[in-house]
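Here are my notes on the model, in numbered points. Please read them with the structure open.

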Amino acid sequence: MKKYAVAFILTGVAILAAYAPDYRQFSQPLAKDQEILHALNRLTFGPRPGDVEAVQKMGLKKWIDQQLHPERIAENPELTDRLKPLESLTMSPSEIATNYPPPVVVQAMMNGLLPMPADPEARARMELQAKRLKAKQEAKGDLKDKQGKGGDPLQQAMRQQVLAVTDPVERRKLIGNNTPQQVLSYDLNEAKLYRAIYSNRQLEEQMVDFWFNHFNVYMDKGADRILTSSYERDAIRPHVFGKFRDLLEATAESPAMLFYLDNWQNVSPDRPQQGRFGKQFAKQKAKQSRGLNENYARELMELHTLGVDGGYTQQDIIEVARCFTGWTINQPNRGGEFIYNDRVHDKGEKIVLGVKIPAGGGQEDAERVLDILARHPSTARFISTKLAKKFVADDPPPALIEHLTKTFRDTDGDIRAVMAAMLESKEFFSQGAFRSKVKTPLELVVSAVRATGAEVNFAIPLATQMAQLGQPLYRKIEPTGYSSANAEWVNSAALLARMNFALALTANRVPGIKVDPSQFQDDAAAAARQVLFHEPAKQTLDSIRRALEQKEPTPGLVAGLVLGSPDFQRR
Amino acid sequence: MTSRRLFLKSSALAMFGVGAAPAWLSRALYAADAPSPRKKILVAIFQRGAVDGLNMVIPFGEKNYYNLRPNLAIPKPDGTEDAAIDLDGFFGLHPALSPLKPIYDAGHMAIVQAVGSPDPTRSHFDAQDYMESGTPGRKATADGWLNRSLLAQPNPSPVRAVSLGTALSRSMRGHNEAVAIANLNDFKIRDTRGAGTFESMYDNTLDQVLNGAGRETFEAVKLMQSIQQQPYAPSGGVQYPNGPLGQSLMQIARLIKSDVGLEVAFAEMGGWDTHFNEVGARPTQGQLANLLGQFGNALAAFYQDLGDRMADVSVVTMSEFGRTARENGSRGTDHGHANVMFAFGGGVRGGKVHGEWPGLEQEQLYEQRDLQLTTDFRDVLGELVVRHLGNPRVTSVFPGYDQPKFRGIVTG
């Protein structure tokens with residue numbers, strides 16, 4: 001009788017296993033040395049030579065705890081030195097608008113509508129820009145068709161070669177005088193890569209990347225060019241381990257997000273538009289017949305909080321949009337800050353996800369919405385799932401999601417607590433998670449640089465590589481951000497680009513980056529271990545050995561082949 | 001048949017003048033019944049971000065269009081460049097799409113109005129996903145409709161299915177071989193020392209995901225080598241626009257002319273999410289006009305470049321959903337429902353706006369705000385799959401869609 005019961009249960013399990021995804025691998029633990037490598041692969045942008053030993057010495061638990069509290073980790077002077085010349089990173093948006101003016105501001109200054117900057121250097125730059133803009137406008141016909149960004153790739157490559165051998169301060173002057181707007185994009189891109197490569201607070205950088213991507217903005221959309229730097233610095237970075245509600249608020253109020261998802265244009269259609277600006281302005285405004293704009297309201301629920309199946313309706317979107325009327329920006333192109341404009345706020349009663357928000361409210365209507373959304377059970381689940389997909393596996397086991405969701409709810413959305421729960425879970429350190437993720441282009445590029453101990457003195461060529469790999473930094477147009485799923489990054493164009501990058505890097509053909517080829521051992525297996533930090537697959541090693549039989553290996557070739565191998569694409 | 005010949009003949013004359021018609025037109029005229037020795041090719045173009053179909057093909061005969069869009073409406077055709085281009089007395093093309101008018105007039109471009117996905121979602125992400133998987137409302141579908149539209153073959157070409165760009169589009173994913181190509185010239189291992197070794201690694205790896213993609217990649221690389229040896233010059237000095245769609249279509253044309261076995265191709269263009277300042281100082285200017293200019297020029301260049309090869313090629317355009325019939329408060333439009341699709345090529349029954357027009361009066365709108373849907377996008381794609389590509393198994397290409405209603409956009 002008992003025997004039959006067991007057989008019956010076993011059959012049941014087998015049937016279940018055939019239909020449901022198999023999560024058993026997530027109960028199988030890792031070996032001790034696998035644990036350290038796994039933690040380094042997931043919580044950093046890839047191990048550097050010596051990292052495994054360092055964590056061994058400190059103890060994995062302590063190391064993880066430190067990474068969860070980045071303020072306790074001293075920063076790497078290699079990083080601070082590199083960030084120092086990137087001046088725009090510490091400027092406010094309005095300082096940026098003055099120093100690196102967008103064409104509309106240059107135009108306004110030319111027309112005398114705005115004062116020229118007082119600082120003589122900035123003023124000289126502005127005059128140069130004004131001259132250029134004028135020349136450009138006169139030659140408008142020729143420029144009409146120039147839609148493709150970046151121009152001729154050959155020219156771009158030569159330009160990067162020249163810039164790479166120039167001293168950082170001189171380099172910025174060169175770029176600044178030529179194309180001041182480009183400095184902003186260069187500074188952001190360089191800083192992002194330098195931090196990923198050199199920061200000692202690796203998990204914090206991973207989290208900044210995760211949350212920026214979650215609350216994505218697109219740097220090439222109008223005023224976001226001058227607003228993105230402050231967005232990452234002031235809205236995202238301070239909250240990556242904080243309360244989700246604070247992070248949500250910071251993004252909701254950020255000019256970068258208000259501009260990107262058009263909420264700065266979202267006004268009540270019923271409210272009078274004229275007022276303190278006088279009649280002339282009122283007439284101009286009336287012509288534009290302003291009203292509700294649903295863009296932010298929709299993405300706020302679909303992408304930032306509840307998730308697309310989180311249980312909201314089109315009517316909820318309209319109600320949320322009404323609550324956010326009047327959340328706007330004071331002169332976005334001049335780097336203005338968030339303001340609430342009560343005159344265009346919808347004063348009526350709203351019902352958001354069944355909660356009544358009484359008539360007559362003001363700025364607090366949207367605050368109320370953020371409360372409701374941040375504390376909604378769908379949000380806890382949606383955020384927990386997304387974190388697990390990024391850090392554990394593409395298809396994380398439901399038990400882990402439950403555990404993280406509960407932690408999120410129990411701690412009122414404490415991100416550090418959720419991460420800590422994940423890093424203490426058996427699922428994180430399991431065979432199911434181990435090497436199950438394919439590196440994103442950012443992870444691939446940075447991990448290759450870190451593994452080879454390369455010295456980077458100009459990071460823009462790496463940023464160019466990232467664009468070729470399908471992940472241009474700060475340039476994801478859609479509010480979805482980039483996916484962390486394997487399927488997103490495994491395709492022929494991207495694979496070829498990865499292999500080409502690997503060989504170019506170790507042959508020192510990426511400008512601005514130096515790899516010391518003498519560090520690699522002669523023996524292929526030993527050289528492979530040096531960059532993989534584990535044994536290469538037999539198939540990989542056999543392929544390399546066969547190649548070496550036929551020709552004399554040049555220094556660095558074996559390392560390049562390993563960085564382009566299937567082994568190195570996983571983390 | 002006679003009427004079709006007459007029709008083709010007259011439209012050919014209209015477009016190219018006597019003696020200047022492309023060779024395939026005369027082949028179609030005089031040997032319409034002879035089977036084509038070449039494979040049929042389907043090119044799908046996705047306008048990501050939800051294009052405003054009501055300003056792409058303007059229902060200028062609809063009075064409420066002008067009431068709903070005081071700032072955005074394109075004026076009725078008046079022969080100037082600042083108004084719609086009349087197609088049939090009711091619909092007109094956006095003036096920025098003027099390069100497509102001769103193709104329409106020649107009877108090789110069909111327009112389908114009020115078409116789209118029956119799923120009510122207004123999420124870009126979901127709607128794109130549903131359209132590309134070909135299964136509205138079903139998220140679990142792992143592969144894409146273009147991949148499923150390929151028929152099993154004994155020795156398939158490694159580049160039978162090509163997705164232009166650095167990522168393999170959702171439409172192309174699946175168990176049939178499909179590759180992503182960003183740039184044909186660059187599709188190789190640049191450092192010759194690595195080529196053979198990488199190929200052997202990826203051929204032999206036990207990593208199933210990377211093994212599959214790796215094999216497909218290196219098979220395609222070999223095939224591309226011959227193409228890369230000579231620079232590409234589009235026929236008759238045709239100039240493709242510099243934007244991404246123009247460049248993608250140029251590469252597709254190059255693949256088609258190289259006869260490497262292309263069957264389906266996918267290209268995309270983004271930027272259509274015009275919530276804010278969709279139009280400029282005049283409704284015929286600004287953001288949407290610029291995008292449509294690029295779009296129209298790219299399609300027209302492709303058509304002209306392919307010349308007589310167009311006989312085997314069909315192009316279809318789609319976007320995840322339409323935009324609100326009414327303009328919003330910031331000179332833009334929000335997410336809507338039904339939209340417009342284009343199909344053109346040798347086998348297309350063009351020169352016509354297909355589909356029932358649901359009207360734009362308040363009570364005719366979907367959820368009182370958007371254009372109603374009268375044609376399922378799978379009717380259009382399904383017809384191309386069956387009648388153009390010759391894959392009869394429409395229900396395996398569009399699972400759960402048992403009875404597509406073909407609209408007669410493909411001759412056959």
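1. B:L164 stands opposite B:I181 in strand 7 of chain B. The two strands involved, strand 6 and strand 7 of chain B, pair in the parallel sense over three bridges. Pairing here requires that DSSP finds at least two bridges between two strands. Strands (E, at least two residues) and helices (H or I, at least four) are DSSP runs, numbered from the N terminus.

2. This is a predicted model, in which local features need pLDDT of at least 70, side-chain atom pairs count only at pLDDT 80 or more, and totals for chains, interfaces and linings use all residues. Residues are numbered from 1 along each chain as its sequence is written, while chains are lettered from A and ligands numbered from 1 in the order in which they are written.

3. Strand 6 of chain B covers residues 161-164. B:A161 and B:S163 point one way, B:V162 and B:L164 the other, and all are buried. Buried means that 20 or more other C-beta atoms lie within 10 Å of the residue's own; exposed means 12 or fewer, partly exposed in between, with C-beta atoms placed from the backbone.

4. Strand 6 of chain B also pairs with strand 8 (residues 264-269) of chain B, parallel, over three bridges. Opposite B:V162 stands B:A265. Opposite B:S163 stands B:F266.

5. What else does strand 8 of chain B pair with? Strand 1 (residues 41-47) of chain B runs parallel to strand 8, joined by six bridges. B:Q47 stands opposite B:M269 there. Strand 8 of chain B is mostly covered, with five of its six residues buried.

6. Now the contact between the chains. Chain A contributes 54 residues and chain B 51. Two residues are in contact if their C-beta atoms, placed from the backbone, lie within 7 Å. On the chain B side, helix 6 (124-133), strand 7 (179-181), helix 8 (192-204) and helix 9 (208-228) each supply at least two residues. Helix 8 of chain B gives the most, nine residues.

7. How confident is the predictor in chain A? Its pLDDT, the predictor's confidence in each residue from 0 to 100, averages 89, and 90% of the residues score at least 70. Over residues 140-151 of chain A the pLDDT is below 50, and this stretch has twelve contacts beyond near neighbours in sequence. Residues 274-289 of chain A also stay under 50, with ten contacts beyond four places in sequence. Where pLDDT is low, the predicted coordinates should not be read in detail.
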